[in-house]
Amino acid sequence: MAYAIEIANLRKTYKGGWTPALDGLSVYVHEGQVMGLLGPNGAGKSTTINILCGLVAPDSGHATIFGKDCTKHTLELRKTIGVVPQQIAMFGNLTAWENLRYIGSLYGLNSKQVKDRAHDLLARLGLDKHADKRINRYSGGMKRRANIIASLLHQPSLIILDEPTAGVDVQSRAMILDFLKEYNQQGKTIVYTSHLMEEAEQICDEVVIIDEGKFVVSGAPLELIKNTADCKRLEDVFLHYTGHSVRD
Amino acid sequence: MNKILATIQKEWILLRRDVAGAMLLFLMPAVLIVVMAMVQDAPFKDYQELRFDLLIANNDHGRLGDEIKNGLKQSQNFHVVDSIDGKPVTEGQLQALLKAGKYRVGIVIPKGATAEVVNAANLVANRLSEKLGMGKLPARELRDSMYVRMYFDPVSKPTFRMSISFALDKYITYSCSNLLVGRLSKLGMSQADMAIADSTGSDDFKRIFQGIGIKEEALNDKGSMKLFINSVQHNVPAWAIFGMYFIVIPIAGNMLREREERSSLRVQLIPYAHNFEALGKIFFYTLICTAQFAVMCGIGLWLLPQMGLPALYLGQHPMAIVPIAICIALSATAFGYLVGVVFKTATQATPFGAISVVIMSAMGGIWVPVDLLPGIMQKLANVSPLHWGLDAINHIILRNGNIGNVLPHLAMLIVFSTILFLISLYVNRSRIHSVQ
């Protein structure tokens with residue numbers, strides 16, 4: 001199976017940073033896979049995502065998406081990837097529908113495409129009845145769902161989600177995870193970061209654990225649990241490899 | 001009490017951490033004080049203390065012309081310009097230069113002025129001879145049409161005109177009287193004789209004794225320009241432009257809010273969207289600003305007359321105001337966009353935006369006419385986009401100019417806007433560390 005993402009020996013140190021955010025990270029993601037990028041705070045997850053979507057330039061190494069270099073083909077690649085940022089990246093004073101109409105226009109979609117896709121996605125994520133409500137008035141879970149919809153309007157082949165379920169209630173989380181599984185069944189590749197190991201165990205075909213900007217271990221969640229001594233859950237595997245010390 | 005102290009401490013920490021914001025809080029008012037003190041210095045001085053360029057077209061070529069010219073040259077109030085490129089200034093040239101706004105005031109000494117004063121001297125001598133029963137010198141009645149013509153740049157304010165007229169009148173009357181007294185002395189009249197002649201006290205005699213006077217004439221062809229020198233004509237465009245520049249506050253505020261709520265990140269993630277969004281913002285706010293200017297003109301046209309003030313006159317080519325308003329709006333929007341891009345917090349952007357507009361407007365002649373500013377401020381006025389805009393509007397509504405007269409102004413406003421916009425795009429691109 002071809003790689004959707006190839007990250008090889010990626011290094012990045014931010015200006016004024018004491019330690020490298022990425023220190024020779026290498027990660028490979030197959031097409032059509034749901035890959036969980038896991039790591040404690042400061043492991044380098046967000047930097048990796050920012051490099052993949054062209055928001056941050058690496059110091060060295062290279063990252064490709066569908067065979068194209070992320071630093072050279074940024075604009076082209078942004079058409080094929082959908083990034084769901086950790087923050088709610090939407091216009092708070094606009095309604096969900098107004099947000100989607102605007103974002104769709106920026107992607108170059110015509111009004112019929114925007115309308116059809118927005119209605120479909122809003123219905124699938126349970127926001128169809130709230131489409132005319134301002135984002136500012138949404139609950140945390142609704143905002144998260146709207147944030148995902150806005151990233152999928154252009155029907156990307158690869159979706160990168162940075163903690164898409166942070167701070168949401170159980171129902172919203174279940175809806176988001178079901179939706180992502182369904183989306184993956186359409187052949188889309190999903191890269192997903194989370195601090196919730198149970199969630200990763202439930203949705204990911206493969207997880208990659210990184211720490212201090214370096215690759216630690218990867219594999220299917222069940223395989224990792226099986227192959228790591230005294231581990232019954234993915235969380236045990238995570239703690240086994242990254243330790244119990246608190247990261248700041 | 002502890003809670004209040006804790007709050008003060010917290011606010012102090014927050015302010016200390018926003019170094020740029022804290023500096024702006026002190027720096028911007030400091031700059032404002034310096035600029036406003038210099039700008040407002042002029043109105044506190046008598047116009048008599050200031051020195052102006054004065055164009056002189058001397059058609060007389062006699063003694064009176066020379067007397068007036070030399071008298072003015074020696075004065076502290078005027079810097080006399082009687083030749084350009086080594087050639088004497090002609091009346092046509094003088095009018096053209098004033099119309100173009102290159103000079104603010106000019107006088108034309110009419111042909112035959114010296115002869116008129118000589119004639120006046122003869123008239124005085126004849127009056128005296130009549131009383132003494134002596135013979136008469138050849139003389140005719142004074143011509144009412146013979147006077148020194150004074151022209152002003154139509155943009156000059158009435159108070160300025162009055163002060164300048166007064167000063168010029170003083171010099172010209174003095175020169176005429178000097179020449180007349182000299183002539184009478186040559187005719188063998190003593191001061192005592194002149195006093196006897198003057199004892200009649202008639203207005204007619206006083207008029208004769210003054211020689212020729214000075215009169216203000218309108219510059220425009222139709223001679224109706226005087227009607228438009230009023231507060232509405234000066235204040236509506238000036239304050240409309242000032243108001244347009246305050247668009248900086250909503251634009252910058254909007255951009256900072258979008259950065260804070262991260263919706264700008266969404267736009268960055270969409271290919272090419274950032275440039276389109278920037279252009280969309282510029283276009284939208286330019287329209288808003290243009291509409292703002294139109295509303296202000298509407299107030300001048302229809303509301304102010306209802307309040308007993310004169311109606312705003314839009315000149316002989318009112319449509320030329322449209323492109324000017326659009327260019328001013330574009331420059332105001334580009335400035336607001338730059339402030340929105342450069343500053344990181346509202347604490348920084350809001351005081352900078354508001355105070356910089358006040359400073360640029362003061363420098364640009366919105367508060368006090370540029371001519372009255374100190375030399376260095378007059379030079380600085382040339383870099384204020386508000387000055388370019390105001391001068392362009394004045395060309396149309398005060399000097400009765402057309403679009404051709406304001407093309408350089410429009411070009412400067414467009415170039416200024418383009419430069420600011422390009423800087424904004426560059427700063428924004430650098431900030432997001434994009435690898436495009």
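Tutor: Phe160(B) counts as buried because 20 other C-beta atoms lie within 10 Å. The cut-offs are 20 or more other C-beta atoms within 10 Å for buried, 12 or fewer for exposed, and anything in between for partly exposed, with C-beta atoms placed from the backbone. This is a predicted model, in which local features need pLDDT of at least 70 and side-chain atom pairs count only at pLDDT 80 or more, while totals for chains, interfaces and linings use all residues. Residues are numbered from 1 along each chain as its sequence is written, and chains are lettered from A and ligands numbered from 1 in the order in which they are written.

Phe160(B) sits in helix 6 of chain B, residues 158-186. Helices (H or I, at least four residues) and strands (E, at least two) are DSSP runs, numbered from the N terminus. Thr90(B) is 70 residues away along the chain, and its C-alpha atom is 24 Å from that of Phe160(B).

Now helix 4 of chain B, residues 91-99. Its buried residues include Leu94(B), Gln95(B), Leu98(B) and Lys99(B). These four lie on the same side of helix 4 of chain B, because they cover an arc of only 130° around the axis. That arc is taken from the directions from the helix axis to the C-beta atoms. In general, an α-helix has 3.6 residues a turn, so residues three or four places apart point the same way. Gly92(B) and Ala96(B) are exposed, on the face turned away from the buried side of helix 4 of chain B. The cover over the buried residues includes strand 1 (52-58), strand 5 (105-109) and strand 6 (147-152) of chain B. After helix 4 of chain B comes Gly101(B), with a positive phi near 80°.

Last, the partner chain. Contact (C-beta atoms, placed from the backbone, within 7 Å) joins 18 residues of chain B to 22 residues of chain A. On the chain B side, helix 11 (263-268) and helix 12 (273-306) each supply at least two residues. Helix 11 of chain B gives the largest share, five residues. By class, the chain B side has ten nonpolar, five polar and three charged residues. Here nonpolar covers Ala, Val, Leu, Ile, Met, Phe, Trp, Tyr, Cys and Pro; charged covers Asp, Glu, Lys and Arg; the others, Gly among them, are polar.

Definitions and conventions: Contact = placed C-beta atoms within 7 Å.
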